[in-house]
Amino acid sequence: MAELRYRDALNAALREELRRDERVVLMGEDIGVFGGAFKVTAGLLDEFGEKRVRDTPISENTIVGVGVGAAMAGLRPVVELMTINFALLAFDQIVNHAAHIHYMFGGQATVPLVVRMPQGAGHQLGPTHSHCFEALFLHIPGLLVATPATAADAKGLLKSAIRDENPVIFIEHESLYGVRGDVPDGDDVLVDFGRARVAREGSDVTIVGISRMALTAERAAATLADEHSVGAEVIDPRTLRPLDLDTILASVAKTNHCVIVEEGWPHGGVGANLAALISEQAFDDLDAPVRRVSGADVPMPYTKPLEDIAYPHEPQVVAAALQTLGLAPTTGAPRAAASPGAAASPNAGPAQSPNAGAPVAGGRGAR
């Protein structure tokens, strides 16, 4: 094991795959000379040269389009978009081309493309840089979707994504880049898609956390155990397509209660999808409705106090777990981040957790 920052684990995965397979190429804005807006690609240009680590113009539709063509022609491109919000400019290439070419060509063509994107709130970057859009990509058949929450999963899933024959949407969280974690040694240590991580064992309530919210759920579970004698089982799906629903259902069968935590919006989100699946397939195991904790149903505020209450923190997860267990009232004035479908504590404000891994100065910044 080696202790690495999340960004360094991603860098190690890219370096190892560039060495292993000469077909792997990297493309994106400021990924070469500058080393990436979040320094994930630092040092790779010096080692592999401009032919394989390419700085691109500011045009997401072009970047992804070139990646699609290069993948069809036999390369294995890893495209970096500076933030997930800018993927909206490349949605035509992602949806109409990357996701559907294999189907439209009757299986005669593949698109082994990886699109890496950071997302998430916590750095006062405003509504055009701070949202969580995994639900948009989850909706699209033909794409694989990964949302790693730990350094080990970031490395293992990225290596698996690069080796896969399908287009992969690889979503990183901006607030995780500086978080350290143990990462297994070895160039061929992979993390399989479609296999969830049980981050904490428990018998009273299942908490499913998406992306950074998996770590928030772990901290909430520790509070539940220490202050309320509640055993929460925390599950990190790791990938949303394919989804390891079996692990989630097995946990719900054990605990009979479920809370889903996501940073994205509540309507049509990942939590809504999971809640429907769990309610359909584990109805007889549930002793209470599935509860959801989500971000506020608003554009992400710029100002720090408002941004902090626009996405979930540990107190809201703890409150939702206690409510589904019947250990806390379900009425009261919700906090600002509460929205339809988002559980919140009537009394507790958001926990002020440190956001490790702020963006590195430089790069494009605000658009």
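## Burial and the predicted model

A residue is called buried when its relative accessible area is under 20%, and exposed when that area is over 50%, with partly exposed in between. The structure described here is a predicted model. Phe133 has a relative accessible area of 6%, so this residue is buried. Trp265, at 33%, is partly exposed.

## Aromatic pairs

A pair of aromatic rings is described by the distance of the centres and the angle of the planes. The model contains 4 aromatic pairs. One of them joins Tyr6 and Tyr177 in an edge-to-face arrangement, with 5.9 Å from centre to centre and 75° between the planes. Tyr6 belongs to helix H1 (residues 6-20), whereas Tyr177 is found in the loop between strand E7 (168-173) and strand E8 (180-183), so the pair ties together parts that are 171 residues apart in sequence. Tyr6 and Tyr177 are both buried.

## An aromatic cluster and a charge over a ring

Tyr6 and Tyr177 also belong, together with Phe38, to one aromatic cluster. Elsewhere, the charged end of Lys39 sits over the ring of Phe34, at 3.7 Å from the centre of that ring.

In soluble globular proteins, nonpolar side chains tend to be buried together. In this model, the largest nonpolar core has 47 residues, and Ile94, Leu113, Phe137, Ile169 and Ile278 are those with the most contacts inside it. Two or more residues of this core come from each of helix H3 (60-72), helix H4 (91-98), E5, H6, E7, helix H9 (245-255), E13 and H10. The most is given by H10, with 5 residues.

Leaving aside residues up to four places away in sequence, Ile169 touches Ile94, Val115, Met117, Phe137, Leu143, Leu144, Val145 and Ala146. There is also a second, separate core of 33 residues, which includes Leu14, Leu144, Leu158 and Ala161.

## Glu16 in helix H1

Glu16 is placed in helix H1. Its relative accessibility is 13%, so Glu16 counts as buried. Apart from residues up to four places away in sequence, Glu16 touches Lys155, Lys159, Gly186 and Asp187.

Note on methods. Residues are numbered from 1 along each chain as its sequence is written. This is a predicted model: local features need pLDDT of at least 70, side-chain atom pairs count only at pLDDT 80 or more; totals for chains, interfaces and linings use all residues. Side-chain values use heavy atoms; hydrogens and water are left out. Rings of Phe, Tyr and Trp (its six-membered ring) pair if their centres lie within 6.5 Å; planes under 30 degrees apart count as stacked, over 60 as edge-to-face and the rest as tilted. Helices (H or I, at least four residues) and strands (E, at least two) are DSSP runs, numbered from the N terminus. Buried means under 20% relative accessible area, exposed over 50%, partly exposed in between (1.4 Å probe, protein chains only). A charge sits over a ring if NZ of Lys or CZ of Arg is within 6 Å of the ring centre and within 35 degrees of the ring normal. A nonpolar core is a set of buried Ala, Val, Leu, Ile, Met, Phe, Trp, Tyr and Cys residues joined through side-chain atoms within 4.5 Å. Contact means heavy atoms within 4.5 Å.
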